[in-house]
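Dear colleague,

Please find below the structure that I am handing over to you.

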Amino acid sequence: MATGTEPQQNSGGVRARTRAAIAAPHLRTDRWWLAPAVTAAGLFAFVVYSTWRAFAGADYYAAPYVSPFYSPCLAQNCRTMHAGPNADLFGSWWGLSPAIIILIFPLGFRLTCYYYRKAYYRSFWASPPACAVAEPHAKYTGETRFPLILQNVHRYFFYAALLVAGVLTYDTVLSFRDTHYRWGHMGLGTLVFLVNIVLIWAYTVSCHSCRHIVGGKLKHFSRHPVRYRAWQFVGRLNARHMQLAWASLFSVWLADFYVYLVASGVFADPRFF
Amino acid sequence: MSVVDRQEWDVVVVGAGGAGLRAAIEARERGARTAVICKSLFGKAHTVMAEGGIAAAMANANEHDTWQVHFRDTMRGGKFLNQWRMAELHAREAPDRVWELETWGALFDRTKDGRISQRNFGGHEYPRLAHVGDRTGLELIRTLQQKAVALQQQDFKETGDYESRLKVFQECTVTRVLKDGPRVSGVFAYERESGRFFVLEAPAVVVATGGIGKSFKVTSNSWEYTGDGHALALLAGAPLLNMEFVQFHPTGMVWPPSVKGILVTESVRGDGGVLRNSEGKRFMFDYVPDVFKEKYAESEEEGDRWYEDPEHNRRPPELLPRDEVARAINSEVKAGRGSPHGGVFLDVSTRMPAEVIRRRLPSMYHQFKELADVDITAEAMEVGPTCHYVMGGIAVDSDTAAARGVPGLFAAGEVAGGMHGSNRLGGNSLSDLLVFGRRAGWHAAEHAARQAGDRPAVDDAQADAASAEALRPFSAEAEAGADRTGEAGPPENPYTLHQELQQTMNDLVGIIRREGEMEQALEKLAELRVRARRAGVEGHRQFNPGWHLALDLRNMLLVSECVARAALERTESRGGHTREDHPTMDRRWRNANLLCALADPTGGLAATDPARGQIRLTRETTEPIRPDLLALFEKEELVKYLAEEELYE
Amino acid sequence: MSSYEARFKVWRGDVEGGALRDFTVEVNDGEVVLDIIHRLQATQAPDLAVRWNCKAGKCGSCSAEINGRPRLMCMTRMSVFSREETITVTPMRTFPVIRDLVTDVGFNYQKAREVPAFVPPAGVGPGEYRMMQEDVDRSQEFRKCIECFLCQNTCHVVRDHEENKPAFAGPRFLMRIAELDMHPLDGAAETGLDRGRTAQDEHGLGYCNITKCCTEVCPEDIHITDNALIPMKERVVDRKYDPLVWLSSKIRRRTS
């Protein structure tokens, strides 16, 4: 009757005692499971592939191309890549594949990304599997406590991802060389790298943290016209964040796979000029 | 002995739309413990449907705008039948009421220099409507709702109880205003959710229940608009004023059938939309009445130039007051030049880029896309008249919003009469809500304070009678065989009765009226009244819509009779009242008010005795317009409206 | 294009229990689900409880679940279903049921009260407010909200976990906080009220795992997650989880 009715203190989700007595956990008739299933399959495939490639520690360089999984390469056991992204910060004690060092950053960026969070919370965690479909968990605290409270570090991964994207841009520039490191040449790999770097940047810049930093945090856009424009630009990209997340995931896979094929000699990079 | 729950309050506000909430906020801020009762959930009132804006002469868009110009436009729109003091207060106070909303968090669309943007609207000389896209009503209701919550938060800090000084009883319906002698003593209400009855005792009651549109078949009004406040006032002994004036908005949706009547905002025309008939002609140029000839464009070219350069051109006739446009559309359709679904075409798609349409008319775009599968950026809309607003209402004192003859009863908003005369201008209703909502709350609080030492008492017998009346539909079946009137018959389905009532009012007391038809309508209403006594319902009292409708029927029948009787009596055409048999405005009627009162002045249940008509009509002469206000008009204009003797007083 | 008989299952009952009831009912061209529910009331089940009001998607009263999906009944056209389909209509399943399709949405009104109201800026009188359109755009989007509570209903934080209700305001009211925090003239900060911090500490923003169902069901197409919830989470990061900010505030505290 009045505006303030106390919520009932009992648990049980949609089957809680006070709610409409409906036994089914959901009544959806559409194929609601399709999206999470496809998402799970896609992410799983990528994880399997990247685990294999990251631990392989081989076939990641075929002049002038360096796999994005291994760039920058920060240990002594890296292959020397002529003018390439080598920086021996870790020295000789690092015995594992050098990809492990650097992959932490793009992995962390994507793992804490607001889109990927949605994707894996839904598809792997089933929390919830789809809208208005009951989740199987008895308790839920979301991102209020450890470990999920760590999702809040997304912004720092964003800064790191900017650096990585910078290095990958450098790699793309290097791909305008031929196998003898002479400038002004292009091969099919150069195109793959170009597409990849554009998508990587688009995905990185379209990030929600970026949107916040460039302007979203402001109270008065009218006093910061340049940042307002930047915010609008990022906002337009941000609306496509999901598509960019998938596209750039695919392109980074393609770039690595391309390098693998060339480096392992399965395939010769067709040169344009 | 009455067993219903009772609570004591200082002021009870019936209705939580714009007027009700504004009244409640004012009363609470003036120290009165205030209860608000509304039929829907808090924040769902029909005010959310208002689209165009709030008319207020803030002069943000045109520096020449003043309250005097606004007053003039309002009087012209109402064909000089307005209660002029209300029109004056309204025009003077509207800007403050709008600015006040900003301090409560409202976010209107802005001008380039950061002030409140104002848009053009029919009948307004300057761009005057403060707006938020085309969802101004939502902004208004949400702002008032949030202000009410802010006050509750204050009370919580001070008393530990959110509802100690301002409480909303949502989803409750008031069926009777209770009285102690001549004075108001409280209200009798039921909870829709549980069907439980309760009484709120209060020396002051503000009625702010809105309109009567649900008595008509094609209407833009929601289910709540069953004329409850009008009926409550009548039953409490207060007269209703000029009920014959019902505004048919010219542009309602005509298709699909299930949404027929839903409003297409006037801003579509204010922003450049044009009306065309099936021959592609902009027919409004043929329908400019003499009194408006000098104010409106004579050619399409001039009309089109006005959007860009209003200083040097006259406005297109699509922006004539609503009554004129509604009649014009009606005539076109009758002449066989209508659209496939019986309306005319309203087109913005050829007038504005799609992007602009989506930005300026987002909810219209949405509404047509979702409900009619029509993309208004690509094709024309089909529109036709729909019952929209009742200018008539509870007769009130202009300054205090007090209902005549019942101390402690106040009325504000659509349910109050007088302000808009015979026809309301778009945008004037939201400002009306704020201006008179505040005044009603203010004077109700003062009235309650004055009664503090001698609070009127609630009479148990009245509460019992109200309770018996409300329970009647459950026993209707048992009584059906032996009806007290002796007219036995089968139990009636309230939904069927409602449909018949709507059809009757739509067909016989609709946009164009004829003497014979209205007499027929009165006969039909009498028949429906008899049958309504047998309206029975199944089930129990918990959230039972059939029961609720059966109770609302009493109000709709009362109000419909008022409309029909007053419309039959007024033998002229003016504003929202068009008589085919008296097609012109008659200056002798300019200063005539028609008042409806209950035929049985005891106001008891006997008043619903079906054998006789329930309404007695009286005619009174209006108070002469104050000379300084009259002086705002040119003499040449006044001679068109005023009777000889009024001019030379 | 004509009328046909459609099969409906409508949940009827109250807090004591209930079940899906079968109906066969006429459907005409251009109708929406609410029309059909009204036809049931008028012809077969006069006491079928349903909440509705404007019938034009502007008031947000007729929220329900149609074939398991949270929707407004007045904005769900019958033409989106095939004629063979059985259409299931149930009340919202997150709130206590009252009767048939009507639920007790008091939870939302409770939460509305817990969000501190707009604080008028000191020293700016009525009529003196100056705000630029680009500064009000963001909050205006959130003020399109018609309070249908479908987002509150679909949010798994409370839908699947009744025990979270006290701690979690829900998308509608976290968005309300965002609206006020982005209001160009809100003076809360000057009075010592940090809306971002309270969003996390008092209104349960951390419970949100941005799975976007609120955005998916919003009949007003408000980008609740992208434009309100995530920006609020970022504002919280500014205040609470940014080590640089934390460090500088430590230093400032020490020096002051």
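This is a predicted model: local features need pLDDT of at least 70, side-chain atom pairs count only at pLDDT 80 or more; totals for chains, interfaces and linings use all residues.

Contact between chain C and chain A

The contact takes 56 residues from chain C and 49 residues from chain A. On the side of chain C that touches chain A, helix 9 (residues 224-241) of chain C gives the most, with 8 residues. By class, that side of chain C is made up of 22 nonpolar, 16 polar and 18 charged residues.

Domains of chain B

The domain assignment of chain B gives domain 1, covering 249-387, and domain 2, covering 474-613. Their C-alpha centres lie 33 Å apart. In the contact between the two, 5 residues of domain 1 of chain B meet 5 residues of domain 2 of chain B. On the domain 1 side, helix 8 (residues 322-334) of chain B gives the most, with 4 residues. The residues of domain 1 of chain B on this side comprise 2 nonpolar, 1 polar and 2 charged.

A pair of helices in chain B

Two packed helices are described by the angle between their axes and the distance between the axes. For helix 5 (residues 228-236) of chain B and helix 15 (residues 545-569) of chain B, the axes come within 8 Å and cross at roughly 80°. The two helices are therefore roughly perpendicular to each other, because angles of 65 to 115 degrees count as such. Helix 5 of chain B contributes B:D228, B:H230, B:A231 and B:L234 to the contact, and helix 15 of chain B contributes B:R554, B:N555, B:L558 and B:V559. By class, this contact has 4 nonpolar, 2 polar and 2 charged residues.

Strands around strand 10 of chain B

Strand 10 (residues 197-201) of chain B pairs with strand 1 (residues 5-8) of chain B in the parallel sense, over 4 bridges. Within this pairing, B:E8 has B:E201 of strand 10 of chain B as its bridge partner. Strand 10 of chain B also pairs with strand 9 (residues 183-191) of chain B, in the antiparallel sense and over 5 bridges. Here B:A189 has B:F198 as its bridge partner. Strand 9 of chain B and strand 10 of chain B form a hairpin with 5 residues between them. In the turn, B:G195 has a positive phi of about 80°.

With kind regards

Terms used. Residues are numbered from 1 along each chain as its sequence is written. Chains are lettered from A and ligands numbered from 1 in the order in which they are written. Domain bounds come from an automatic or database domain assignment. Two residues are in contact if their C-beta atoms, placed from the backbone, lie within 7 Å. Ala, Val, Leu, Ile, Met, Phe, Trp, Tyr, Cys and Pro count as nonpolar, Asp, Glu, Lys and Arg as charged, and the others, Gly among them, as polar. Axes are lines fitted to C-alpha atoms, for helices over the stretch in contact, and angles run from 0 to 180 degrees between N-to-C directions. Angles under 35 degrees count as roughly parallel, over 145 as roughly antiparallel, 65 to 115 as roughly perpendicular and the rest as oblique. Two strands pair if DSSP finds at least two bridges between them.
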